[in-house]
Amino acid sequence: MTNKRLIIYISSILAVLIPCPGRLASGIILAVSFDITFILTTMLNFLFFKLNLHKSVKVLLPLSVVSLVTVFKLILTLISPLNALQLSFIFYLQAFSIYVIFLNSSETENLDFKLSLKKMLVNCLWFTGFTLGFSLLRDVLGYGTLSFPVTSGINQIKLFDINSCTFLNFFASTPGAAIISAVIISLAFQINNRKSTSEVNDE
């Protein structure tokens, strides 16, 4: 993966995760929303090309993404109103994030449905792992808990007394999330550059 694509991927994801509540429960919901929307968007993209709607794809795709995210939000509202309320604006940030990631995936115009879907699933796994890891880190450091979504809101498992380490609350805040993000981006660049160097040397 090139540095340009890597920064687009990570920035698109962090644009959603930084303002998101620093809870694992929120990360789980967003991961499920992303995976469902991304897979359905891949299917719709394939359908648009099969129907020879190439010229309309740039209009149909963003409309499709927003529509799918809105439907997911409505379903979540019926299941867990509190979680839907907390993440209401975040879902629309996620719609933009999904569209950007989708446009920057080289597989978007692949007419081989199985191959396209398989490669898009890799993006889903990548996003899911990143989102859950980022949310878990903020939940544990910022609140000293593990939280999971339930119909009434969130269910918390207390790991340690955060009052004894009040400075850790900073990581649950938006500025704290931004600092964690900067560290992640720096590490991602280093790992990607080392991988690229290794591949060049092997050749």
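**Helix packing in a predicted model**

In this predicted model, residues 24 or more positions apart account for 72% of the protein's contacts with a separation of 6 or more.

Visitor: How many helices and strands are in the protein?
Guide: From the N terminus on, the elements run α-α-α-α-α-α-β-β-α. The count is seven helices and two strands.

Visitor: What percentage of the 203 residues is buried?
Guide: Buried here means under 20% relative accessible area. The protein exposes about 10,900 Å², with carbon and sulfur atoms supplying 68% of that area. Of the 203 residues, the buried share is 41%.

Visitor: How far apart are the end C-alpha atoms of H3, and what span should its residues give?
Guide: H3 covers residues 57–79. At 1.5 Å a residue, its 23 residues should span 33 Å. The distance between the end C-alpha atoms agrees with that, at 32 Å.

Visitor: What covers the buried residues of H3?
Guide: The buried residues of H3 are Val57, Leu61, Ser64, Val65, Val69, Phe72, Lys73 and Leu76. Their cover includes helix H2 (24–50), helix H4 (81–86) and H5.

Visitor: At what angle do H2 and H3 pack?
Guide: Two packed helices are described by the angle between their axes and the distance between the axes. For H2 and H3 the axes are 9 Å apart. H2 passes H3 in a right-handed crossing. The angle is about 145 degrees.

Visitor: How do the residues of the contact of H2 with H3 divide into nonpolar, polar and charged?
Guide: From H2 come residues including Ile29, Val32, Ile36, Leu40, Leu44, Phe48 and Phe49. H3 meets them with residues including Val57, Leu60, Leu68 and Phe72. The division is 15 nonpolar, five polar and no charged.

Visitor: Is the crossing of H3 and H5 left-handed or right-handed?
Guide: H5 spans residues 88–103. The axes of H3 and H5 come within 9 Å and cross at roughly 145 degrees. The crossing is right-handed.

Visitor: How many residues of the contact of H3 with H5 are charged?
Guide: H3 brings residues including Lys58, Pro62, Val66, Thr70 and Lys73. H5 brings residues including Ser88, Phe91, Tyr92, Ile98 and Phe102. The contact has 13 nonpolar and two polar residues, and the charged ones number two.

Visitor: Which residues of H5 are buried?
Guide: At 1.5 Å a residue, the 16 residues of H5 should span 22 Å, and the 24 Å between its end C-alpha atoms agrees. Along that helix, the buried residues are Ile90, Phe91, Gln94, Ala95, Ser97, Ile98, Tyr99, Val100, Ile101 and Phe102.

Visitor: Is threonine 131 buried or exposed?
Guide: Threonine 131 sits in helix H6 (residues 113–143). Not counting residues up to four places away in sequence, it touches Ile13, Leu17, Gly27 and Ala31. Its relative accessible area is 0%, so threonine 131 is buried.

Visitor: Is lysine 158 buried or exposed?
Guide: Lysine 158 belongs to strand S2 (residues 153–158). Leaving aside neighbours within four places in sequence, lysine 158 is in contact with Gly144 and Thr145. Exposed means over 50%. Relative accessibility is 61%, so lysine 158 counts as exposed.

Visitor: What separates the C-alpha atoms of lysine 158 and serine 147?
Guide: Along the chain, lysine 158 and serine 147 are 11 residues apart.

Technical notes:
Residues are numbered from 1 along each chain as its sequence is written. This is a predicted model: local features need pLDDT of at least 70, side-chain atom pairs count only at pLDDT 80 or more; totals for chains, interfaces and linings use all residues. Side-chain values use heavy atoms; hydrogens and water are left out. Axes are lines fitted to C-alpha atoms, for helices over the stretch in contact, and angles run from 0 to 180 degrees between N-to-C directions. Helices (H or I, at least four residues) and strands (E, at least two) are DSSP runs, numbered from the N terminus. A crossing is left-handed if the near helix is turned anticlockwise from the far one by less than a right angle, and right-handed if clockwise. Contact means heavy atoms within 4.5 Å. Ala, Val, Leu, Ile, Met, Phe, Trp, Tyr, Cys and Pro count as nonpolar, Asp, Glu, Lys and Arg as charged, and the others, Gly among them, as polar. Buried means under 20% relative accessible area, exposed over 50%, partly exposed in between (1.4 Å probe, protein chains only). Accessible areas come from the Shrake-Rupley method with a 1.4 Å probe; for residues, only the protein chains shown count as cover. The expected span of a helix is 1.5 Å times one less than its number of residues.
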